[in-house]
Amino acid sequence: MTMTRSLAINEVVNNQQLCEVFLCAPQGGMRKSNRTNTLTLISDKTKLYDDKVVDDIYHYTGMGQSGDQKMSGQNLTLAESDSNGVEIHFFEVMKQREYTYRGQVELAGEPYQDQQKDQDGRKRHVWIFPLSLIDSKAKFTKLPSATDDKQELQEEFKEIQQVENLSISQTEKERLIKSRIGQGKFKKLLIKRECKCALCGVTDSRVLIASHIKPWSASTNEERLDVNNGLLLCPNHDALFDKHLISFNLDGKIVISQSLDEIDRVFLNINDGLRVKLNEEQLSYMEGHNQNLI
Ligand SMILES: [Zn+2]
């Protein structure tokens, strides 16, 4: 038996309908169903960064969220799909809870290993599966790749660097550079990682501000382009961090300037119990910052 009803290319279904068609589990990016002998692949554009589409071949990252990925379970089913008789069906999620059917896919080449960072920023080995759509009318959505992101960022930073040549005061220059970085591509990349003030619960992207942990003026060009040198904060916490009135220890615990009195601490929503959730690379940029507390 195969799928319980056929789906049209580009048909949009919800999660329940998807499960009813393939008789598969309601969660996971790779869903194997023994009852319909299918493997459903879900490419969630609201979450993934590392998948890419090159010449109509989709380079799909295998299963396993942290640590090295193993060639077993559903990864193995996909790797052997040209001989094991399992049908592979492909969905894209562009908006939460909407699954767009792109059709049946097949391996377009041998699966290969690559290095990616996991959710905690640690490097690990992953398996990549090159896939092509069987129906020639079907198309994958082209994804911006990490290299495109870096290029865009580089171009934007070149423009920002022009600010250095303006005949305005150093303070003005720094303010201008900060506001440009805070609203541009760098901010978009940070939001893609997690759209939330690293310290409190503010999630409205309209007010969140992106900053460099190691300041722009002290960073090398490579450090300026490194998203791990970025920190997304609400205006309140950004101002405190920018003015060195708060900083963080290398375990993420907040350090508060002695110059801030108890009442202001309450109104500014800071207390000694707060900590930021930062990966190791972000924390390594913090070292210089926390030595300059006012
Ligand atoms: Zn905040």
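Asn37 is partly exposed, at 31% relative accessibility (buried means under 20% relative accessible area, exposed over 50%, partly exposed in between, with a 1.4 Å probe and protein chains only). The model is predicted: local features need pLDDT of at least 70, side-chain atom pairs count only at pLDDT 80 or more, and totals for chains, interfaces and linings use all residues. Residues are numbered from 1 along each chain as its sequence is written, and side-chain values use heavy atoms, with hydrogens and water left out.

Asn37 lies in the loop between β2 (30-33) and β3 (38-44). Helices (H or I, at least four residues) and strands (E, at least two) are DSSP runs, numbered from the N terminus. The phi angle of Asn37 is positive, about 55°, although Asn37 is not a glycine. Asp56 also has a positive phi, near 65°, and is a residue other than glycine. Asp56 sits in the loop between β4 (52-54) and β5 (57-61). With 49% relative accessibility, Asp56 counts as partly exposed.

Ideal angles at a metal are 109.5 degrees for four tetrahedral donors. Cys197 and His237 link distant parts of the chain, 40 residues apart. Cys197 lies in the loop between α5 (185-193) and β10 (209-212), whereas His237 belongs to helix α7 (residues 235-242). Both Cys197 and His237 are buried.

The second largest pocket has a volume of about 430 Å³. On a 1 Å grid over the protein atoms alone, a pocket is an open set of points where a 1.4 Å probe fits, with protein on both sides within 12 Å along at least five of seven lines; lining residues have an atom within 4 Å of a point. Grid points are joined across faces, edges and corners, and a volume is the space filled by probe spheres set on the points. Of the 17 lining residues, Glu174, Lys178, Pro215, Trp216 and Asp242 are the closest to the pocket centre. Elements giving two or more residues to this lining are α4 (170-183), β10 and α7. Helix α4 supplies the largest share, five residues. By class, the lining divides into six nonpolar, six polar and five charged residues. Ala, Val, Leu, Ile, Met, Phe, Trp, Tyr, Cys and Pro count as nonpolar, Asp, Glu, Lys and Arg as charged, and the others, Gly among them, as polar.

The structure holds 10 salt bridges. A salt bridge is a side-chain nitrogen of Lys or Arg within 4 Å of a carboxyl oxygen of Asp or Glu. Side chains of opposite charge can pair when their charged atoms come close. Arg102 is buried at 11% relative accessibility. Glu92 is buried too, with a relative accessible area of 0%.

Glu11 and Arg5 meet through their side chains in a salt bridge (3.3 Å, N to O). Here Glu11 is partly exposed at 24%, and Arg5 is partly exposed at 37%. Glu223 pairs with Lys214 in another salt bridge, the closest N and O atoms being 3.1 Å apart. Glu223 is buried at 18% relative accessibility, whereas Lys214 is partly exposed at 27%. Salt bridges that share partners join Asp149, Glu152, Lys185 and Lys192 into one network.

Two residue pairs give distances across the model. Glu80, in the loop between α2 (73-79) and β6, is partly exposed at 38% relative accessibility. The C-alpha atoms of Glu80 and Leu166 are 60 Å apart in space, and the two residues are 86 residues apart in sequence. Leu293 lies in the segment after α9 (280-289) and is partly exposed, with a relative accessible area of 26%. Between the C-alpha atoms of Leu293 and Lys95 the separation is 42 Å, at 198 residues apart along the chain.
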